[in-house]
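Here's a quick briefing to keep beside the model while you look around. Take a look at the fold first, then come back for the details.

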Amino acid sequence: MLPSCDVAPPPAGLRLIAIGASAGGVEALGIVLRALPATCRATVVVVLHLAPGRSSQLPLLYAERCQLPLREAQDKEPLQAGVVYFAPPDYHLQVEPDGCFSLSQEEPVYFSRPSIDVLLETAAYAYRRAMLAIILTGASADGAAGLARVRQLGGSAWVQDPQRASCGIMPAAALKRAGADRVLDLPQMAASLALLDNAGDK
């Protein structure tokens with residue numbers, strides 16, 4: 001049976017929340033990002049699969065739905081607490097051990113650049129137990145290997161219930177490869193994230 005629960009706060013001590021989404025992800029992210037409280041002190045990093053050659057309007061798209069500042073991640077930029085960053089189109093987004101972003105144009109992963117796997121695997125080494133990875137709706141297996149690395153290094157993993165996702169392929173692949181600490185529908189996930197200010201950041 002898949003692990004699930006109704007509403008419970010995220011793990012204490014979070015410094016990074018990394019979210020991956022693909023097909024159906026624009027709507028799902030709107031629900032998740034809206035739930036983040038203004039008091040959230042974790043850094044939030046989002047990879048949404050976008051077609052190459054298109055400019056990203058994601059910070060503008062979600063600006064009125066999120067209480068935190070939003071921006072597109074820049075190469076060599078230090079991660080800041082309480083900010084939501086989006087991976088730029090056609091670049092892999094990596095988190096370096098020194099707490100800065102780096103961008104690369106290495107080969108796509110599962111035909112995607114940015115890749116969820118690349119973000120999660122690099123962030124897992126930098127943040128370990130202080131990280132929560134979230135896999136939302138999508139149509140590939142991107143994110144499954146990265147989620148496995150997050151859990152291997154002590155981080156936490158939430159996966160959207162595949163049966164309630166717009167496209168269940170990505171969350172199902174993540175569960176098959178890595179499992180999860182919690183399997184949630186979007187309302188449960190939003191309600192849990194809304195408790196971030198009560199979860200503590202010690």
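Start at Gly154, which comes after helix α4 and has a positive phi, near 100°. Helices here are DSSP runs of H or I with at least four residues, strands are E runs of at least two, and both are numbered from the N terminus. Keep in mind that this is a predicted model, where local features need pLDDT of at least 70 and side-chain atom pairs count only at pLDDT 80 or more, while totals for chains, interfaces and linings use all residues. Residues are numbered from 1 along each chain as its sequence is written, and side-chain values use heavy atoms, with hydrogens and water left out.

**Helix α4**

- Helix α4 covers residues 144–152, and its buried residues are Ala144, Ala145, Gly146, Leu147 and Val150. Buried means under 20% relative accessible area, exposed means over 50%, and partly exposed is in between, using a 1.4 Å probe and protein chains only.
- What do the buried residues of α4 pack against? Their partners are α3, β7 (131–135), β8 (156–160) and α5 (169–178). Contact means heavy atoms within 4.5 Å.

**The whole chain**

- The protein chain has 7 helices and 9 strands.
- Of its 202 residues, 56% are buried.
- Taken along the principal axes, the C-alpha atoms fill a box of roughly 40 × 35 × 35 Å.
- Among contacts with a separation of 6 or more, 72% are between residues 24 or more positions apart.
- The side chains include 17 positive and 19 negative ones, and the centres of the two sets lie 5 Å apart. Lys and Arg count as positive and Asp and Glu as negative, with His and the chain ends not counted. Each charge is placed at NZ of Lys, CZ of Arg, CG of Asp or CD of Glu.

**The loop between β6 and α3**

- Pro114 sits in the loop between β6 (101–104) and α3 (116–127).
- Tyr110 counts as partly exposed because its relative accessibility is 43%.
- Phe111 lies in that loop between β6 and α3, with a positive phi near 65° in a residue other than glycine. Is Phe111 buried or exposed? Phe111 counts as exposed, at 84% relative accessibility.

**His49 and its neighbours**

- You'll find His49 in the loop between β2 (43–48) and α2 (58–62). His49 is buried because its relative accessible area is 17%.
- Leaving out residues up to four places away in sequence, His49 touches Ala21, Ser22, Ser112, Pro114, Ile116, Ser140, Asp142 and Met170.
- The side chains of His49 and Asp142 are joined by a polar contact of 2.7 Å. A polar contact is a pair of N or O atoms within 3.5 Å; within protein, one must be able to donate a hydrogen and the other to accept it, and residues adjacent in sequence count only if both atoms are side-chain atoms.
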